[in-house]
Amino acid sequence: MEDQMGVEMIAAGAAFVGMFGLFVILPSRLRK
Amino acid sequence: MLLNSARRLANLRPLRWALWGFFIGFVALAVSSGAALAQEHDPSGAATIEADPNAAVNFVWTLMAAFLVFFMQAGFALLEAGSVQSKSVVNVLTKNVMDFLMCGMAFWAFGFAFMFGGSAAGAGLAHGNDFIGSSGFFLTSGAYDVTTIELWMFQMVFAATAATIVSGAMAERTMINSYMAYSFLISALIYPIYGHWVWGGGFLVDLPFLDGVSARDFAGSGVVHAVGGTAALVGALMVGPRVGKFGPDGKPRSIPGHSMTLVVLGMLILFLGWFGFNPGSTLAATDLRISVIAVNTFLAGIAGGLVAYYIRFAETGKVDIAATCSGIIGGLVAITAPCAFVEPWAAVVIGAAAGPIVVYGARFLELVLKVDDPVWAVPCHMFSGLWGVLSVGIFADGTYLGVSGLIEGETNQLWAQIIDMGVVVSWTAVASAVVFYGIKMTMGLRVPKEDELAGVDASEHTQVAYPEFVPELAGASMEEA
């Protein structure tokens with residue numbers, strides 16, 4: 001149970017990094 | 001051209017981060033979803049309906065209410081579009097659309113888990129502490145359950161509402177990318193964390209020094225509207241007023257919106273959506289308090305509109321429909337927290353009080369704080385929202401969930417509501433200020449002055465709302481004809 005929670009937390013952290021890159025940083029780089 | 005676009009994307013470091021993040025996330029999800037089978041959850045709904053035959057009607061009620069709240073996005077979009085100049089319409093519409101796209105993804109991945117983890121409001125939501133939830137990520141494993149996912153649907157549209165409130169206050173001068181960055185962070189962190197404190201079993205539930213009384217916010221005057229309104233105030237302060245809003249002497253000038261048709265239509269759609277927002281928050285059609293909640297919602301809305309109408313009529317000798325619409329919105333926002341706990345007469349008083357709160361609050365913003373808020377988002381959502389939170393502690397009559405306010409001789413509930421008001425303003429103001437300041441220092445918040453004067457639609461978008469009014473576009477279409 002604890003292991004599974006840990007895996008979910010890792011997934012959530014990774015998704016946060018992914019979405020931060022996609023929604024916060026990437027649009028500024030694409031801007032012309 | 002397609003190849004060039006692909007090459008450009010492939011060379012971007014943030015995109016590589018994003019892809020790695022998603023790759024790791026999905027691998028971890030695939031690993032964890034296997035363990036879901038070992039947990040008690042009901043993805044088909046068969047066990048839920050067998051255990052509770054009323055589940056069907058309650059599910060339909062809650063989901064229909066969620067769809068009504070989703071329709072409020074259309075109301076916000078129209079209200080804001082009508083309140084800005086014609087050169088900024090596409091920009092404000094884009095913000096309204098992007099708000100719920102990003103909010104939906106963020107709320108699915110982690111926002112919902114941060115908010116409801118530890119609440120035990122559904123399967124797979126067992127873990128969390130007083131500050132933040134830590135279960136229900138991605139609606140997978142134990143949270144892959146019909147009841148939990150029904151709750152997610154209803155709460156996601158609430159989160160999208162909180163996010164979209166900010167766009168109006170910062171309209172016509174904010175860079176679209178900077179706004180998107182903020183919108184993502186309010187949906188992912190600021191809104192869910194405060195929501196957890198009130199609705200997710202956080203520290204504002206069962207306050208030990210008030211004999212276990214909880215701060216009460218039935219449908220979100222504080223959780224949704226005061227959060228959105230406070231963030232709107234911080235955003236408007238940080239981005240500064242539109243060019244020409246304040247004269248050299250510091251006096252505010254009127255910059256009228258371009259379409260009262262859109263404003264009125266947007267307000268009416270919002271009013272309709274509120275019948276999903278407030279009565280839907282029972283999450284059960286079998287809770288017959290929904291009739292009281294619906295009538296309270298209606299009465300507060302019309303009372304707020306009537307008072308705002310007469311205030312402006314007395315001041316100018318003419319009818320001000322924009323202020324009347326704002327008074328209605330203020331009344332609806334104010335009744336959102338107390339709608340289930342008060343009698344209809346109290347709903348009229350609460351809504352009526354929101355009228356002057358909105359009208360004089362807007363004036364206070366312009367004359368004292370020198371804040372330019374084109375859609376009156378701050379007085380409607382922050383000021384009225386805080387009044388709504390406070391009013392629970394005054395007018396709750398003790399007939400529903402045992403919540404009693406000052407009129408019943410109870411002071412603990414009033415203190416709980418005052419604490420809640422302090423918490424929502426402090427948390428949202430500080431968190432929003434940190435986020436907006438970070439964005440301002442790195443990406444920049446405001447478009448250049450020449451772009452603002454030409455209109456943000458022209459500088460930030462590939463379309464304008466009314467091409468017939470743009471000489472070069474109108475000319476081209478005439479030639480083609």
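Student: What percentage of the 32 residues in chain A is buried?
Tutor: We're looking at a predicted model, where local features need pLDDT of at least 70, side-chain atom pairs count only at pLDDT 80 or more, and totals for chains, interfaces and linings use all residues, while side-chain values use heavy atoms, without hydrogens or water. Residues are numbered from 1 along each chain as its sequence is written, with chains lettered from A and ligands numbered from 1 in the order written. Buried means under 20% relative accessible area, exposed over 50%, and partly exposed in between (1.4 Å probe, protein chains only). For chain A, the buried part comes to 47%.

Student: How many helices does chain A have?
Tutor: The C-alpha trace of chain A spans about 50 × 5 × 5 Å along its principal axes. Helices (H or I, at least four residues) and strands (E, at least two) are DSSP runs, numbered from the N terminus. Chain A has zero strands, and its helix count is one.

Student: Which residues of chain A are in contact with Phe110(B)?
Tutor: Contact means heavy atoms within 4.5 Å, and here we skip neighbours within four places in sequence. On the chain B side, Phe110(B) meets Phe137(B), Phe184(B) and Ala188(B). From chain A, the partners are Ala12(A), Ala15(A), Phe16(A) and Met19(A).

Student: How are H9(B) and H10(B) oriented to each other?
Tutor: The axes of H9 (residues 260–277) and H10 (residues 290–316) of chain B come within 9 Å and cross at roughly 150°. Axes are lines fitted to C-alpha atoms, for helices over the stretch in contact, with angles from 0 to 180 degrees between N-to-C directions. Under 35 degrees counts as roughly parallel, over 145 as roughly antiparallel, 65 to 115 as roughly perpendicular and the rest as oblique. H9(B) and H10(B) are therefore roughly antiparallel.

Student: Which residues of H9(B) make the contact with H10(B)?
Tutor: On the H10(B) side you'll find Ala294(B), Thr297(B), Phe298(B), Gly301(B) and Ile302(B). From H9(B) come Phe271(B), Trp274(B) and Phe275(B).

Student: What is the phi of Ser141(B) near?
Tutor: Ser141(B) is in the loop between helix H5 (89–116) and helix H6 (146–169) of chain B, and Ser141(B) is buried at 4% relative accessibility. Most residues other than glycine have a negative phi. Ser141(B) isn't glycine, yet its phi is positive, near 45°.

Student: And Lys370(B): what is its relative accessible area?
Tutor: Lys370(B) lies in the loop between helix H12 (344–369) and helix H13 (377–395) of chain B. Its phi is positive too, near 55°. Lys370(B) is partly exposed, with a relative accessible area of 37%.
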